[in-house]
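Dear colleague,

Please find below the structure I am handing over to you. My findings follow directly after it.

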Amino acid sequence: MLSIASRFWLFSVLLTIGLWSGLRASPLFVLCLYFVWLIFEDLARKLAGNDITLYFTKYFLMAGIVLQLIRRHPWHRRPFPPLLALWIGLWALVVIGNSFNPNLWHPLQALVGIHADLLFLIVFLPAGYWLLQKSDDLRRLMVVICLLSVFPTIVAFVQWVYDPSFLNTTVMVGTELRPINVRGIGEVEIAQVNSVFTEHGRFANYAEMICWYGLSAIVLFASPQRNFPQVTGWLGFSMGVMDMLLLAKRRPILNSLVGLLLFVTLALPRRRIFSIFPVRHLSLVVALLVGLYLLYPQTFKSVQDFLLKTMIGSDERPSEIAVRMPSYLEQLQIIGDVGLLGNGTGSVALGLQYLQTRLGIDIPEPVTENGFADKAWNYGLLGLLVWCGLLAQLLWELSRGPTHTLDPRWWAFRRLVLCWALPYFTLSQLIGSHFMTDYLAQSYYWFLIGLALRQISLLNADTPPSLKVVAAPCR
């Protein structure tokens with residue numbers, strides 16, 4: 001645990017860095033600094049015995065992003081979609097207004113709820129939409145994010161194959177952490193490790209985000225000639241796929257499969273898919289996975305058996321998806337009992353466990369696992385309608401074809417994000433809720449969505465001639 005003096009100096013240094021980066025540095029530096037820190041924050045917490053002080057260090061770096069937005073005031077040059085801004089404003093009113101709900105057990109619940117349901121939305125969606133102004137900055141940011149994925153994957157692989165306690169040795173019982181989650185179906189048993197993060201669920205969220213950032217880099221920098229950003233995109237995609245498979249977490253796998261299927265069948269003209277989406281490099285991903293499978297067959301076989309038995313089912317055991325889905329849908333019945341305003345901001349949110357264990361605040365356990373039911377429990381029928389309206393407007397804005405650019409790569413990138421966001425905000429929400437309020441996942445997906453909302457391409461104007469054949473859908 002850090003001493004008071006150590007915390008003071010840590011916060012002083014981070015505050016200085018945040019202020020300097022917000023007032024003096026480039027937007028690219030501020031964003032890279034934040035996303036790099038996300039990888040190492042949880043690792044520092046684990047090695048410090050889950051010192052919760054380290055959790056708050058990211059906000060000094062977020063302050064740099066906010067200062068960049070204020071200092072550059074880009075909204076004068078490129079306004080935010082007005083209807084989407086209206087829905088975000090309504091959602092902010094719902095979240096903040098329900099912070100004074102008399103049904104709350106403790107005022108600190110409201111702070112946890114604002115953090116979970118609003119803070120990252122109002123920071124990273126505008127950051128993605130406004131901060132990056134140059135194609136070189138976009139290229140460098142994507143390269144940094146994809147390259148960073150190698151370190152968590154290496155750590156996770158060591159935990160899977162050799163020692164689950166690797167970089168988990170100082171995590172003790174009673175620190176609210178679950179570094180290893182052992183799952184078993186009959187004789188099949190797997191260990192869902194946490195890599196550098198504090199728990200396996202956050203690692204699963206990270207793996208899904210990296211998968212889609214890698215795909216975004218592949219599409220954005222598609223070219224007949226292999227280039228470094230495209231290679232790092234395939235690298236990030238490979239790391240994300242391998243992490244999701246070995247974690248055997250069903251939700252991110254299902255969401256990614258549905259999103260990819262939508263992208264391939266609906267977003268791209270089938271006869272032109274090889275022009276815009278260089279699938280010939282998919283052999284790199286296949287070679288990596290096959291090579292690791294041959295080297296460590298037992299690890300992969302256990303995961304394979306677990307996924308087949310739980311997702312597809314067998315004669316002895318039905319699919320868990322088929323068993324659980326009715327239960328998730330039944331939880332929607334709670335919407336009729338929550339009233340107009342619900343139980344207050346933060347009644348269901350990630351982070352409440354720290355109020356219970358660290359401060360001794362007695363808070364009832366969540367009553368649902370359904371994302372829509374959770375929103376209704378927190379914000380009532382009114383809040384649920386506003387949340388659904390916000391998501392519908394967001395998906396509508398993403399579905400609108402860019403009218404001011406003929407760059408097919410940017411058009412395909414927007415469609416890629418739409419095809420991922422559609423199941424993420426609908427199907428995935430039906431079968432879960434915590435992934436929607438995880439700060440790490442929110443930082444990644446709100447930023448990517450904000451970037452995709454830009455209708456004017458951020459890429460260089462010189463589109464490769466071989467790609468112009470797919471520009472027709474952009475008109």
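The second largest cavity is lined by Ala116, Asp117, Leu121, Lys375, Trp387, Met436, Gln442, Tyr445 and Trp446. The elements that contribute two or more residues to this lining are helix 5 (108-130), helix 16 and helix 20 (439-452). By residue class, the lining of the second largest cavity holds six nonpolar, one polar and two charged residues; Ala, Val, Leu, Ile, Met, Phe, Trp, Tyr, Cys and Pro count as nonpolar, Asp, Glu, Lys and Arg as charged, and the others, Gly among them, as polar. Its volume is about 40 Å³.

A cavity here is a set of points, on a 1 Å grid over the protein atoms alone, where a 1.4 Å probe fits but cannot get out, and lining residues have an atom within 4 Å of a point. Grid points are joined across faces, edges and corners, and a volume is the space filled by probe spheres set on the points.

Please note that this is a predicted model, in which local features need pLDDT of at least 70 and side-chain atom pairs count only at pLDDT 80 or more, while totals for chains, interfaces and linings use all residues. Residues are numbered from 1 along each chain as its sequence is written, and side-chain values use heavy atoms, with hydrogens and water left out.

The search of the whole structure returned two cavities of 30 Å³ or more. For the largest cavity, the volume is about 80 Å³. Its lining consists of Asp117, Val348, Ala349, Gly371, Asp374, Lys375, Asn378, Gln429, Ser433, His434, Met436 and Thr437. Two or more of these residues come from each of helix 16 (371-399) and helix 19 (434-437). Helix 16 gives the most, with four residues. The lining of the largest cavity comprises three nonpolar, six polar and three charged residues.

As to the overall fold, the protein has 20 helices and two strands; helices (H or I, at least four residues) and strands (E, at least two) are DSSP runs, numbered from the N terminus. Of its 475 residues, 56% count as buried, where buried means under 20% relative accessible area, exposed over 50% and partly exposed in between (1.4 Å probe, protein chains only). Among contacts (heavy atoms within 4.5 Å) between residues at least 6 apart in sequence, 81% join residues at least 24 apart.

The mean pLDDT (the predictor's confidence in each residue, from 0 to 100) is 85, and 88% of the residues reach 70 or more. Over residues 461-475 the pLDDT is below 50, and this stretch has 30 contacts in the model beyond near neighbours in sequence.

Two helices were checked against their expected span, which is 1.5 Å times one less than the number of residues. Helix 17 (residues 408-425) has 18 residues and should span 26 Å, which agrees with the 25 Å between its end C-alpha atoms. Of these 18 residues, 17 are buried. Helix 7 (residues 150-161), with 12 residues, should span 16 Å, and its end C-alpha atoms are 16 Å apart, which agrees. The buried residues of helix 7 include Pro152, Phe157 and Trp160.

Two individual residues may also be of interest. Asp51 is in the loop between helix 2 (27-47) and helix 3 (58-72), and it counts as buried because its relative accessibility is 1%. Its C-alpha atom is 7.0 Å from that of Leu2, 49 residues away along the chain. Val66 belongs to helix 3 and, at 32% relative accessibility, counts as partly exposed.

Yours sincerely

Definitions and conventions. 1 Å grid on protein atoms, 1.4 Å probe; cavity = no way out; pocket = protein on both sides within 12 Å on 5 of 7 lines; lining within 4 Å.
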